[in-house]
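This report describes the strands, helices and side-chain arrangements of one protein model. It begins with the sheets and then turns to individual residues.

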Amino acid sequence: FRHMAKTDRVTIVSCSHRGLPKTSVAAGGNLKIVRFPYPNPKAYLRRALRAMRGRRFDVIQVDNRPTYLPAVRKTFPKTPVVLFLHSLTFLNRLSRRRANAVLRHADGVACVASFVADTYKKRFPKHARKFRRVLLGVDTRKFAPRSVKFKRRLRKKWGVGGTFNLLFVGR
């Protein structure tokens with residue numbers, strides 16, 4: 001979002017946390033993070049939408065919460081709404097009938113992996129055109145391979161020299 005905020009205004013709505021302010025502003029004022037308490041999903045959504053009501057957005061992205069779509073659509077009837085799914089978890093929790101009902105409110109569904117998009121295209125053929133794979137990237141200026149010398153020292157430190165090692169980070 002920081003990259004996007006170089007040219008556009010971005011508002012992120014999130015859950016509050018006692019270690020974070022209610023509102024943060026960054027990227028020269030173009031990136032605003034607004035946090036709301038999360039006593040339960042309905043109360044959080046109601047409070048967040050009430051605070052955002054009346055504002056104009058070019059697009060709204062809802063991450064991993066398909067059941068929020070009807071309320072978001074009702075509050076912003078003319079704004080494109082995209083559901084961003086990071087896994088099969090949240091949409092799979094819904095019955096097929098309920099999932100089809102909430103997907104009616106999405107203009108598009110971005111999925112972080114092909115298998116997520118492909119699974120849902122088959123499961124919800126009426127909405128298949130909405131599902132798209134959007135691969136997440138990495139800033140290679142910040143995350144670049146270390147030198148061979150550094151890697152040797154690390155292998156020696158951890159006693160894994162001469163072995164094949166694979167690191168996986170994810171859920």
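## The sheets

Four strands form an open sheet in the order β4-β5-β6-β7, and their pairing is parallel. At the edges stand β4 (60-63) and β7 (131-133); each has a single partner strand, so one side of each is left without a neighbour in the sheet. On average, neighbouring strands of this sheet are turned by 25° against each other, direction ignored. The model under discussion is a predicted one.

Within this sheet, β4 and strand β5 (residues 81-85) run parallel and are joined by four bridges. Ile 60 stands opposite Val 81 in β5. Helix α5 (residues 114-123) packs on the sheet, where it touches β5, β6 (108-111) and β7. The direction of α5 makes about 165° with that of β7.

A further open sheet has three strands in the order β1-β3-β2, and here the pairing is mixed. Its edge strands are β1 (10-15) and β2 (23-26), each of which pairs on one side only. The twist from one strand to the next averages 15°. Strand β3 (residues 31-36) runs parallel to β1, and six bridges join the two. Ile 12 stands opposite Ile 33 in β3. As background, strands of a sheet pair through backbone hydrogen bonds, either parallel or antiparallel.

## Aromatic side chains

A search of the whole structure finds five aromatic pairs. The table gives two of them.

| Pair | Centre-to-centre distance | Angle between planes | Class |
|---|---|---|---|
| Tyr 38 and Tyr 44 | 5.1 Å | 50° | tilted |
| Tyr 120 and Phe 124 | 5.8 Å | 35° | tilted |

Tyr 38 is partly exposed, with a relative accessible area of 35%, whereas Tyr 44 is buried at 8%. Tyr 120 and Phe 124 are both buried. Ring pairs also link Tyr 38, Tyr 44 and Tyr 68 into a cluster.

Another ring, that of Phe 150, has the charged end of Arg 146 over it, 3.8 Å from the ring centre.

Asn 100 is found in helix α4 (residues 96-103). Is this residue, Asn 100, buried or exposed? Asn 100 has a relative accessibility of 19% and therefore counts as buried, since the limit for that class is under 20%. Leaving aside residues up to four places away in sequence, Asn 100 touches Phe 124, Lys 126 and His 127. Phe 124 is thus a contact of Asn 100 and also a member of the tilted pair with Tyr 120.

## Cysteines

How many disulfides does a search of the whole structure find? The number found is zero. In general terms, a disulfide is a covalent bond between the sulfur atoms of two cysteines. Cys 15 is partly exposed, with a relative accessible area of 32%. Cys 111, by contrast, is buried, and its relative accessible area is 0%.

## Helix α6

Helix α6 (residues 148-158) has eleven residues, of which the number buried is zero, so the helix lies largely in the open. Just after α6, Gly 159 takes a positive phi of about 65°.

Terms used:
Residues are numbered from 1 along each chain as its sequence is written. This is a predicted model: local features need pLDDT of at least 70, side-chain atom pairs count only at pLDDT 80 or more; totals for chains, interfaces and linings use all residues. Side-chain values use heavy atoms; hydrogens and water are left out. Buried means under 20% relative accessible area, exposed over 50%, partly exposed in between (1.4 Å probe, protein chains only). Two strands pair if DSSP finds at least two bridges between them. Axes are lines fitted to C-alpha atoms, for helices over the stretch in contact, and angles run from 0 to 180 degrees between N-to-C directions. A disulfide is a pair of cysteine sulfur atoms within 2.5 Å. Rings of Phe, Tyr and Trp (its six-membered ring) pair if their centres lie within 6.5 Å; planes under 30 degrees apart count as stacked, over 60 as edge-to-face and the rest as tilted. A charge sits over a ring if NZ of Lys or CZ of Arg is within 6 Å of the ring centre and within 35 degrees of the ring normal. Contact means heavy atoms within 4.5 Å.
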